[in-house]
Amino acid sequence: MAIALISAAVLAYEVLLMSLFSLIQWHHFAYLVVSVALLGFGASGSFLVLVRKQLENRFRGFAALQACGFGIGALLCFALAQHLSFNPEELIWDHDHWLRLALVILLLALPFFFAANLIGLALMQFRQSLARIYAFDLVGAGIGAAAIIALLFQLSPDAALRLVSFAGFAAAAVLWIECRGRLAPVLVGLPVAALCLILLPAHWTEPQLSQYKGLTQLLRMPGTQVVAERFSPLGQVSVVESKTVPLRHAPGMSLNAEREPPAQLGLVIDGDSLSAITRFTGDLAELGYLDYLTSALPYHLRKPRRVLILEAGGGAGVLQALYHGAGQIDAVELDPAVAGLVRDDFGDFSGRIYDLPQVRLHIAEPRGFLQGSNERFDLVQFPILDAVGGGASGVHGLNENYLYTVEALRLALARLADNGILAITSGIDIPPRDSLKLFAGAVAALETEGVERVDRRLALIRGWQTSTLLVRNGEFNGADIDAIREFCTQRSFDLAWYPGMLASEANRINQFDQAYFHDAARALLGDGHERFMRDYKFDLEPATDDRPFHFNFVKLSSLPELIELRQKGGGALLETGYLTLVITLALALLLSLLLILLPLAFIRRETPRITRPRRNLGIVTYFFALGLGFLLIEIVYLQQFILLLHHPVYAAAVVLASFLVAAGLGSAWSQRFAGQVRSKRVLVTVVVAIVALGLAQLALFEPLQQFAGDWPLASKIGLAIVLIAPLGFCMGMPFPLGLSALATAPPALTAWAWGINGCASVISATLATLLAIHAGFDAVIVLALVCYLAAAASFPKT
């Protein structure tokens, strides 16, 4: 039970750290820190090899100390790490930040190191029960991952962190009792630990946002304060009020606007993504400023009777539809906390727009809503893409997003009524990236649908800060083109594309060095689109469900030139998310190599008779391939099952729990096959099953998730478990089978194998994303299956 409890605490801590550092810093920095910090598992293997003899008869005391170390480190190391002044963006030019980064990683690695020591030592000490110990490890991890996701809907991050810390002390207490220690230390120590955690000052563990994040900057304005805050696994939602300097949020509003926005409250997601809750008294005239945004264009082509607003957030899209007289408005919002703040907490301020008779609010994931709905709309509005903020600097480059893939655009087009319009607004970056990638995606979606004259179904305009792309279920006619021209003229917006547009009409008002947008649109629609995509400095290939990284624009061929420009003021052109990923992989590879080779030198000196190079190579290959393959599949499924369950939180909970619990059961089942000769035979069978199941899911997942599109959630969860559990069960068997083959070898080899597996797990986290960006998730799955085949070919012999 102690193993299950510490494993549950470790996985809960990992998930919690990802959430906390996404809030404190950015998503990609959280990815870097937590991935490299997990090298604590690799370091543990090296450590146990070095100190094994000293711990042979001290298991109870040392293991309990490691569990307590995790409990203390989980809280204290986070508190210290978040107070280090560090900005990931400055890694490009400020070398001092590399030292700070190293300190952060070292601090966060310590709790994982302590927990891994406990599990690794148990594997060495009780080698006759290897499969059972590993089973408890995996099952506990699965339960912990699912539990923390559920708890974050009820607890603050501060409280969740204290609970995870307490779980470490509880694991120490359970271990002490299981090892027949005296009860008195537990009866005294556990309540003392709980009391200390309760009395610990709040500022030690409360998330402290980076000074570089948007919310921190906003709060520096005089009279600005946070008036409400909600936290869940979907992120932190903050409502900000300024009594001195009015908050105004109307991205890209024309300078010709005759009205300014009414009073607004800032709505900030994870400390950086800004939108607004706008005061609405029922007087539509107060909303006139919304007619001076580029996103208002579709309302001037036809008066839509039914409008669908995706990611409705603070309600700006709903207000815009109300102003233009939409008959029925369907608003889709993923986060119930956002909807609750707008509708309930600040309902009097917002005019309770989500309760108006012509408005229907849906708490749902947008992609899932598009797939599950059979209704038709005159206008579908996608949420604004903020390339002016995070997207421009690449801080969202590693974020998977299934709403901007070619497949999602096709779903949106299928929801349009005859002559209905799909509208997507994005921020402008120079050189253009976001807007052009969306345009290329729309072209690909229309071509896939068999549309012959794609150019006649697209229109693109831009202002000084935003652009709006229109995709029509039908062709734009002369009256539509006149309306587009008039709309842009009255608001001083620029034309970028409409059917039959002349090059001389582009880049007239908000001028750039050249007509980037029109030239690109013409190229993407012409015969030379492949050459244009190849020669452009950034990756404009449309995102797909297999490669859902819309916000990543890195092109490998352009990297040397962009890196050279960083010293000449061109650092903003580098995608920092992608660079962070490469840095993470390089660090993981370097440290893993060190942690794998260092124990080998000690093992050779201690037991020269077992240091056959071929045998050692087999051990490294086997356990490294298993660690790599297991995590590669798990990480891909965490993303792909969002398409089936249509909710990132449900997908994370179901995938992690199903995978790890099933793998734990598989590990327990493998206990009966211990013995080198029989293990080898069983392993081959298991690997064949893994490859067969993996290939079957590659072929069947897409048709199955489409077939189950309108199933109730409970049925979809059941289908997910049916798809995951058999594969997870098989994937849980090779590791304990490999350890059982080392049962007669010196215990140091068991610790070494544990460390090798941990190092591979860390590398797989970054490698999976890097490969998915360039080759797709299917390629990652194929690589994982190859890893299992390599493991089968290198089964360890002693």
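At 33% relative accessibility, arginine 360 counts as partly exposed, because it falls between the 20% limit for buried residues and the 50% limit for exposed ones. This value, like the others in this report, comes from a predicted model. The side chain of arginine 360 forms a salt bridge with that of aspartate 330, at 2.7 Å from N to O. Aspartate 330 belongs to strand 6 (residues 328-333) and arginine 360 to strand 7 (residues 359-363), so the pair ties together parts that are 30 residues apart in sequence.

Aspartate 330 is buried, with a relative accessible area of 0%. Both residues also take part in a network of salt bridges that links Arg306, Asp330, Arg360 and Glu375.

The whole structure contains 21 salt bridges. One of them joins the side chains of arginine 230 and aspartate 345, with an N to O distance of 2.4 Å. Arginine 230 is located in strand 1 (residues 224-232) and aspartate 345 in helix 12 (residues 336-345), so this pair ties together parts that are 115 residues apart in sequence. Arginine 230 counts as partly exposed, at 32% relative accessibility, and aspartate 345 counts as partly exposed at 43%.

A further salt bridge is made by the side chains of aspartate 291 and arginine 491, at 2.8 Å from N to O. Aspartate 291 lies in the loop between strand 4 (273-278) and strand 5 (306-310), while arginine 491 lies in helix 18 (residues 478-491), so the pair ties together parts that are 200 residues apart in sequence. Aspartate 291 and arginine 491 are both buried.

In soluble globular proteins, nonpolar side chains tend to be buried together. The largest nonpolar core in this model has 147 residues, and the members that touch the most others are Tyr13, Phe70, Phe623, Ile633, Tyr637 and Phe641. Helix 23 (residues 613-645) makes the greatest contribution to this core, with 18 residues. Apart from this core lies another, of 56 residues, which includes Leu290, Leu301, Val318 and Ala326.

Tyrosine 637 is in contact with Val655, Phe659, Gln697, Ile724, Leu727 and Ile781, when its neighbours within four places in sequence are left aside.

## Packing of helix 4 and helix 7

Two packed helices are described by the angle between their axes and the distance between the axes. For helix 4 (residues 59-82) and helix 7 (residues 157-178), the axes come within 8 Å and cross at roughly 175°. Angles over 145 degrees count as roughly antiparallel, and helix 4 and helix 7 are therefore roughly antiparallel to each other. The residues of this contact divide into 17 nonpolar, four polar and two charged.

Leucine 218 is part of helix 10 (residues 214-218). With a relative accessible area of 14%, leucine 218 is buried, because the limit for that class is under 20%. Not counting residues up to four places away in sequence, leucine 218 touches Thr224, Val240, Leu247 and Val268.

Leucine 218 and glutamate 241 are 23 residues apart in sequence, and their C-alpha atoms are 9.9 Å apart in space.

Notes. Residues numbered from 1 in each chain as written. Predicted model: local features only at pLDDT ≥ 70, side-chain atom pairs only at ≥ 80, totals over all residues. Heavy atoms only, no water. Helix = DSSP H or I, 4+ residues; strand = E, 2+ residues; numbered from the N terminus. Buried < 20%, exposed > 50% of the residue type's maximum accessible area, 1.4 Å probe, protein only. Contact = heavy atoms within 4.5 Å. Core = buried A, V, L, I, M, F, W, Y, C linked by side-chain atoms within 4.5 Å. Axes fitted to C-alpha atoms, helices over the stretch in contact; angles between N-to-C directions. Parallel < 35°, antiparallel > 145°, perpendicular 65-115°, else oblique. Nonpolar A, V, L, I, M, F, W, Y, C, P; charged D, E, K, R; others polar. Salt bridge = Lys/Arg side-chain N within 4 Å of Asp/Glu carboxyl O.
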